[in-house]
Amino acid sequence: MARIIEPLRSMGADLRARRSDSLPPLVVIGRSQLRAIDFETRVPSAQVKSAILLAGLRAQGRTTVREAVATRDHTERMLRSRGVEVRRVSENESGGGPVAWTLEGGAWLSPLDERVPADPSAAAFWLVAGAIHPDAALTLRGVGVNPTRRAAIDFLVRMGARIEETAVGEPSGDIGEPLADLTVRSSELTAIDLGRQRWPLPSTRSRSSAWRHPGARPDNDPRRRELRNKESDRIAGIAAGLTALGARIVVSGDDITITGPTPLAGAATETLDDHRLAMTFAVAGLIARGATTIDLAESAAVSYPSFSPNSKG
């Protein structure tokens with residue numbers, strides 16, 4: 001909790017946690033008079049940014065959050081749709097590089113009715129399943145297609161996935177969340193090189209047989225450490241599980257190279273109690289020959305309670 005506590009405490013909040021202000025439970029003492037801050041996040045985090053901006057609504061003065069790389073902007077859109085002016089200042093108007101978000105304290109929020117989008121991260125697993133299955137046609141309703149969250153959709157399309165996107169509601173610019181119904185069908189996929197950028201798409205589709213994870217970072221880049229420290233070391237976990245299923249994978253630092261096509265065969269996989277790995281191996285097992293066993297498959301419920309992959313596929 002330290003990276004949340006630090007900026008909020010500097011705004012005047014009275015917060016207390018266990019073990020050097022790092023572990024929950026977190027105690028918050030109310031009625032503190034908050035003051036605006038200008039804060040630069042050490043590791044780009046939408047959660048930390050959102051916490052500061054929300055606290056800034058009741059702070060005196062202008063609150064600014066600076067990020068080395070722009071993170072997802074759900075909170076900014078939510079605030080704008082409710083009448084709060086949230087400004088983005090970017091050193092690179094094309095969208096890459098450092099960015100700052102500002103708002104003035106004392107703003108009031110207007111109520112409205114809003115449809116909560118289906119989670120694009122959870123939808124990505126179904127999009128992959130539909131694209132790689134030999135006989136599939138699947139429609140996902142009301143998926144959030146926020147530009148800061150739709151990278152998986154765009155990468156799949158670049159690979160040749162047959163994904164039809166139908167907008168739901170009126171386009172909203174940077175106010176409110178854009179929604180779409182997504183229909184995916186069985187597809188012939190082509191390998192691509194995702195490159196080393198965070199979000200930009202490759203300018204051309206590669207005909208090579210390698211699909212490289214966009215994760216290579218300098219050793220001192222905090223974003224690199226994040227890749228290895230989510231609910232698990234996901235790079236190692238994905239490589240181990242897919243290798244067990246017969247995929248040809250080479251890991252170099254934070255790059256993953258997958259050579260295909262390769263028929264998969266059922267095997268025992270380890271989720272490391274990570275919901276994303278459980279869903280990954282369930283989708284891979286869908287096209288594997290024979291039974292795939294997913295250890296701790298129930299961990300998928302952390303983000304997707306109704307996904308319910310069986311222990312054997």
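Author: Axes here are lines fitted to C-alpha atoms, for helices over the stretch in contact, and angles run from 0 to 180 degrees between N-to-C directions. Helices (H or I, at least four residues) and strands (E, at least two) are DSSP runs, numbered from the N terminus. Please keep in mind that this is a predicted model, in which local features need pLDDT of at least 70 and side-chain atom pairs count only at pLDDT 80 or more, while totals for chains, interfaces and linings use all residues. Residues are numbered from 1 along each chain as its sequence is written, and side-chain values use heavy atoms, with hydrogens and water left out.

Reader: Thanks! How many helices and strands does the chain come to?

Author: There are nine helices and 16 strands. Of the 313 residues, 42% count as buried, where buried means under 20% relative accessible area, exposed over 50%, and partly exposed in between (1.4 Å probe, protein chains only).

Reader: Which residues make the contact of α5 with α9?

Author: Contact means heavy atoms within 4.5 Å. From α5 come Ser121, Ala122, Phe125, Val128, Ala129 and Ile132, and from α9 come Arg276, Met279, Thr280, Val283 and Leu286.

Reader: What classes of residue does the contact of α5 with α9 have?

Author: Eight are nonpolar, two polar and one charged.

Reader: What makes α1 and α3 roughly parallel?

Author: α1 and α3 pack at about 25°, with their axes 10 Å apart. That angle is under 35 degrees, so α1 is roughly parallel to α3. Arg3, Ile4, Pro7 and Leu8 of α1 meet Gln47, Val48, Ala51, Ile52 and Ala55 of α3. Seven residues of this contact are nonpolar, one is polar and one is charged.

Reader: Which residues of α1 are buried, and what do they pack against?

Author: In α1 (residues 2-10) the buried ones are Ile4, Ile5, Pro7 and Leu8. They pack against β1 (14-17), α2 (18-21), β2 (23-29), β4 (38-40) and α3 (46-56). Just after α1, Gly12 takes a positive phi of about 105°.

Reader: And what about α6?

Author: Ala151, Ile153, Phe155 and Leu156 are buried in α6 (residues 151-158). Their cover includes α5, β10 (162-168) and β11 (179-185). Just after α6, Gly160 has a positive phi of about 105°.

Reader: Turning to the sheet, why do β4 and β7 stand at the edges?

Author: Two strands pair if DSSP finds at least two bridges between them. The open sheet has four strands in the order β4-β6-β8-β7, with mixed pairing. β4 and β7 (87-90) each have a single partner strand, so one side of each is left without a neighbour in the sheet.

Reader: How do you know that β6 and β8 pair?

Author: Six bridges join β6 (residues 62-67) to β8 (residues 99-104), and the definition asks for at least two, so they pair. The two strands run antiparallel, and Thr63 stands opposite Leu103 in β8. Across β4, β6 and β8 lies α3, running at about 170° to β6.

Reader: Why is Thr75 called buried?

Author: Its relative accessible area is 14%, which is under 20%, so Thr75 counts as buried. Thr75 sits in α4 (residues 74-81). Leaving aside neighbours within four places in sequence, Thr75 is in contact with Ser50 and Leu54.

Reader: What makes Thr183 buried?

Author: Here the value is 13%, again under 20%, so Thr183 is buried. Thr183 belongs to strand β11. Not counting residues up to four places away in sequence, Thr183 touches Leu138, Thr139, Arg162, Ile163 and Glu164.

Conventions. Nonpolar A, V, L, I, M, F, W, Y, C, P; charged D, E, K, R; others polar. Parallel < 35°, antiparallel > 145°, perpendicular 65-115°, else oblique.
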